[in-house]
Amino acid sequence: MPPLQRDEAQNRARLIDVHRYTVELDLTQGDERFGSHTVIRFTARTAGDTFVELKPAELHSATLDGRRLAPATLDGNRLPLTGLAPGDHELCLDATMRYSRTGEGMHRFTDPADDESYVYTQLFMEDIQRVFPAFDQPDLKAVFEVSVRAPEDWTVLANGRTEQLGDGRWRAAPTPLISTYLVAVAAGPWHSVRTEHAGLPFGIHCRRSLAPHLDADAEEILDLTRRCFDRYHEIFTEPYPFDSYDQAFVPEFNAGAMENPGLVTFRDEFVYRSAVTDTERQTRGMVIAHEMAHMWFGDLVTLQWWDDIWLNESFAEYMGYQVLSEATRFTDTWTDFAVARKGWGYDADQRPSTHPVAPAPDDVPDTDSALLNFDGISYAKGASALRQLVAWMGTEDFLTGINAHFARHRFGNATLADFIDSLAGATDRDVHGWAERWLRTTGVDTLTPVVEDRDDHWSLTVEQTGSGDGTRPHRLTAGLYDHDPHTPGRLVPRPPLSLDVPDDTRHTADGRRPALLLLNDQDLTYAKVRLDAGSWDTALATLSGLPDPLTRAVVWNAARDMVRDGELPPTAYLDAARAHLPHETDLALLQGVLAFARTQIADRYLPAPQRHQALTTLTALSREILRRTEGPENGNQAGLRLTAVRAFIDSATSPEGIQDWLDDGSVPGGPHLDPELRWRILGRLATLGATPLDALRAAIDAELARDPSATGREGAARCRAALPDPEAKEAAWEALFRTDEHTALSNYLFTATAAGFWAPEHPDLLRPYVARYFQEVPALAAARGAALADAAGRYAFPAALVEEDTLRRGETCLADGAPTPALRRKLIDQLDDLRRALTVRAAAGAR
């Protein structure tokens, strides 16, 4: 089926106005299919031809103004509507649709814990066509009236308030004008917690088997929701535009969440059934704040075409972190952004697939190309650009411009030009020029200090180099730090320097130079930074002695970038982690640095012979954190211990220790092993394969009997695929590449199986599968669609085999294998990361 072209959408928008959809869904027709009856009322401005989109299992009937249309004229996903006369029209379609098991369209899930079934929609981009027919483009907004017939013990949620009519029938209140991709329905025997705030009904919902866990966190979730809601009403003049606010935590959800107006859907891993750190709770809070920001930016005012997706995601990303820090107990959100999120943008911006935050219209000619832009640039880089914009133009002027934008375009569509015009009207700064240099360009700037120390003064010169389309202007802070004369290993700040680069790149000051000079302290701009030699020596010796966690995050990010760029040996990063992480008190920093050390340095950047020593370093580091956090627990200490326990398990090189933990059911000194930790240990034991395989298989079966939940089922799939056994690997491979819709793995089971399969510990066992992957993955992606293509390129890629042969075979697949657009993008990115890893390995091996 061809993707919708931008020019086709523009032509259709010139021809018709869409007024109202009346949709009736019948969810009582079994486990495979559901009924879909739709009436669309629209107006043709002139005479002409167009089409409506749908992807049915069967189209039973179609009428246009009472005239029958032949179902056989459906061509792919397009039903032609020919000979339209000017005036009002009514299109009626009756179809049977398929449930999805890949998180697209109407996804159906049966909970193995209690055999209860749930369905929910995810209609982004083109997936409304899997549920009901539509003129599917964001600028043809309409009113949606949805009614649902469901099993009698189910509850139906939708964009508006729902009313139970009896006999399993439900009716949702008509929506305001919204885009097709924002329609939402979720149905099943939900467990719900309801309240009211600001005169509106609020609700949170999950499947019944998660009820105790939702109840345990309900007040935290609702408190965060209320606080963010109130803060948005303080900074936005436009009131919340919908009639209710429901948040549904749904199973097997592909994204973190989706901003459906009035019914936000979240992946239900955010209903924590095992212990989590406070940083993970903060992440959940950020996602709540992010999706709520979309109610204004994305839902009230919507992009006109998909080239402006950053207008949705960058804004929500920025506001999510900022509002959470302003309105809740999570006041250090930007540290987490710096260490856990920003690298996503830096990495994406240095690959061949990079693109501007705001691509040119010709660069997004169709929906397939648009889907590829949901990446670290549209989220993390875009949010970083907005944070820099606020630092440059000021918060007050920024919000004045935003509110003018909402007022001008409420319930309508807007473009980048509209957004920039709104901001420009609130300031005398050249916002148009700023946008051209920041939003229309690619690549990452690198800022390097040159420090000269004289007898009575010192000077700083900032050197700026750019990749991609050149350099950008930066407003930033240079932090200046001296050794604390009273506390060895601690640093104390001097008054910082405020810099505008490139206009303001040289400073001279009296006295001695600071021990540490750090460009982009407080992380206000988007650029890689380097440290001069003296500052780097200070950082290596006293990094944990920097007083502000965000400052420490900037230093750790500099070290991360230097490793990736071949300027710092991976072992030097590990040495810094070994020296400073035992003293680190910020959970986001601890988690982020450990994750990079474990998954990138140990698994990818170090030559294979050095991997065992890297893992030994990480287990020693983790053991030291556990030793330092013994004693009475507080919230932060518990988080530090949990992070160290996870890192110790993941880095274990033998069963010693972790097998004892599993047998005892707890870690000495805590924590007790909950399901997440038990599956994590079993997964590592399976990978190590030090126990007889029959005993490991029996242990996996016993754990699944103990935890028969969906998460347990995924844990068992991951563990079985991780076994170092030819039979286990072949069984996992067969399951991964099965394409029959009745037996193929669901999206989550696919990801779990792929995650277990590719273990760096098993190179000889896995090497034959590299060729098979590149031979078979194009057909899998073509058969199973964009979501599974993304998963196959992300999780099933042979990243564990950092070898020239992997690279050669991947390049051949790109050239000759005809991968789908979604798979092609993932392969391009993975192969570029592989090239980088090979380069870093070669340099590390040569030292």
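Modeller: Let's start with strand β23 (residues 457–466), which is joined to β27 by 5 bridges, with the two running antiparallel. Across that pairing, S459 stands opposite T508 in β27. This is a predicted model, so to speak of local features we need pLDDT of at least 70, and side-chain atom pairs count only at pLDDT 80 or more, while totals for chains, interfaces and linings use all residues. Residues are numbered from 1 along each chain as its sequence is written, and side-chain values use heavy atoms, leaving out hydrogens and water.

A quick word on terms: strands (E, at least two residues) and helices (H or I, at least four) are DSSP runs, numbered from the N terminus. Two strands pair if DSSP finds at least two bridges between them.

Now zoom out a bit. β23 and β27 belong to an open sheet of 4 strands, in the order β27-β23-β22-β29, with mixed pairing. At its edges sit β27 (506–510) and β29 (528–529), each pairing on one side only.

Next, have a look at strand β19 (residues 263–267). Strand β17 (residues 245–250) runs parallel to β19, with 5 bridges joining them, and F249 has F266 of β19 as its bridge partner. With strand β18 (residues 257–258), β19 pairs in the antiparallel sense over 2 bridges; here M258 stands opposite T265. β18 and β19 make a hairpin with 4 residues between them, and G262 in the turn has a positive phi of about 80°.

T551 is buried, because its relative accessible area is 0%. Its side chain makes a polar contact with the side chain of D521 at 2.7 Å; that term means a pair of N or O atoms within 3.5 Å, where, within protein, one must be able to donate a hydrogen and the other to accept it, and residues adjacent in sequence count only if both atoms are side-chain atoms. Leaving out residues up to four places away in sequence, T551 touches Y481, L518, D521, Q522 and L546, where contact means heavy atoms within 4.5 Å.

Definitions and conventions: Buried means under 20% relative accessible area, exposed over 50%, partly exposed in between (1.4 Å probe, protein chains only).
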